[in-house]
Every structure is written in structure tokens, then in C-alpha cells.
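Please look over the sequence and the structure shown here before reading on.

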Amino acid sequence: MGFFKNLLSKGVKDLANSEGVSKSNRGASEGRNVFQRVRNVVNTYYPGYTLEENVNAGIFGGTEETWNYSFVLSQAGTPALTIMVLSGHNDYRKKPVVSAHNASEAAGVHCINIMEYLPSGEAYINQRIAQYIR
């Protein structure tokens, strides 16, 4: 019985470490971490700002097809920066993403992209926010 148990355990571990399973799990956990890192940075370094999540681009005249902003930082109710967390390597080129980015910029609010697949640590996120916040 011990031999079969060990064999089964090894097979399950190998399956969990295979390309398909580990890639999808890794992507999901990295995505959550990026969102949490943005929250941590804003809470730590920008206490005078409010942070809204999953905000419809309609606030700047975006259409139904326009992607939502992952985050909007506002001060005294006025948007100061929009952030889009993107997971795909070419998401920033997609028409709905470009449309959201352009709508924000046209309203005078910088829009930044944070890519999930890159090592976007808190220092990097803070640097980007500090660079573009109005």
C-alpha cells in the first residue's frame, strides 16, 4: 500500500507542477499580488487619496467596449490617476484598453499600466504613481 500511495502522491505532484496547471495558478496568484501591492502602496504613501477599484471608463466618456480602470486614485473627489492592471503581453495594444487610456488622458488624468507578468514590486509601483499623479 505504501508503494502505491507514494506513486500516487508523486503523480499528483508532477501533474500540479506541469505547464498547464502551474502556469494558470501562478498567473492568478501573481494577479492578486499586483492588486494587493497597489493597495499597499496607496495606503502607505498616499493617505490623502481615495482608491476606487474596477471603475467604469464612463467617468471620462468611455464607451461600453472600453475597459474598466483597475484603480482610480482621487483627491477630494477629483480623479488624479488611473491604473490598469493588465495580464496579457499585448493587452496594452487592445482597442478597449487604448480607448480607456485615451479617455483618461483626454480628461487630463494620467493613466498607467501595471503588467501582471512583470515583477512589479511596491517600489516600482510607488515610483510610477509618484511620477504621474496629478
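This is a predicted model: local features need pLDDT of at least 70, side-chain atom pairs count only at pLDDT 80 or more; totals for chains, interfaces and linings use all residues.

Residues are numbered from 1 along each chain as its sequence is written, and side-chain values use heavy atoms, with hydrogens and water left out.

The protein chain has four helices and four strands. Helices (H or I, at least four residues) and strands (E, at least two) are DSSP runs, numbered from the N terminus. Read from the N terminus, the order of elements is α-α-β-β-β-α-β-α. Of the 134 residues in the protein chain, 33% are buried; buried means under 20% relative accessible area, exposed over 50%, and partly exposed in between (1.4 Å probe, protein chains only). The accessible surface of the protein chain is about 8,200 Å², and carbon and sulfur atoms hold 54% of it. Such areas come from the Shrake-Rupley method with a 1.4 Å probe, and for residues only the protein chains shown count as cover. Among contacts in the protein chain with a separation of 6 or more, 56% are between residues 24 or more positions apart, where contact means heavy atoms within 4.5 Å.

Next comes the sheet. Strands of a sheet pair through backbone hydrogen bonds, either parallel or antiparallel. Here four strands make an open sheet in the order β1-β2-β3-β4, with mixed pairing; two strands pair if DSSP finds at least two bridges between them. β1 (50-55) and β4 are at the edges with a single partner strand each, so one side of each has no neighbour in the sheet. On average, neighbouring strands of this sheet are turned by 25° against each other, direction ignored. Axes are lines fitted to C-alpha atoms, for helices over the stretch in contact, and angles run from 0 to 180 degrees between N-to-C directions.

β1 and β2 run antiparallel and are joined by five bridges. Across this pair, Glu53 stands opposite Phe71 in β2. Thr50 is also in strand β1, and Thr50 counts as partly exposed because its relative accessibility is 46%. Thr50 touches Val72, Leu73 and Ser74, leaving aside residues up to four places away in sequence. Thr50 and Leu73 are 23 residues apart in sequence, yet their C-alpha atoms are 5.6 Å apart in space.

β2 is mostly covered, with six of its seven residues buried. What joins β2 to β3? The two strands pair in the antiparallel sense over five bridges. Val72 stands opposite Thr82 in β3, and the bridge partner of Gln75 is Thr78, also in β3. β2 and β3 form a hairpin with two residues between them, and Ala76 in the turn has a positive phi of about 55°.

α3 (residues 95-106) has 12 residues and reaches 16 Å from its first C-alpha to its last, close to the 16 Å expected at 1.5 Å a residue; the expected span is 1.5 Å times one less than the number of residues. The buried residues of α3 are Val97, Ala100, Ala103 and Ser104. They lie on the same side of α3 because they cover an arc of only 130° around the axis, the arc being that of the directions from the helix axis to the C-beta atoms. What covers them includes β2 (69-75), β3 (78-86) and β4 (111-115). On the other side of α3, Lys95 and Ala106 are exposed. Just after α3, Gly108 takes a positive phi of about 85°.

In α4, the residues Ile125, Asn126, Arg128 and Ile129 are buried. Seen down the axis of α4, its buried residues fall within an arc of 160°, so they line one face of the helix. Asn126 counts as buried because its relative accessible area is 18%. Leaving aside residues up to four places away in sequence, Asn126 touches Val41, Tyr45 and Tyr46.
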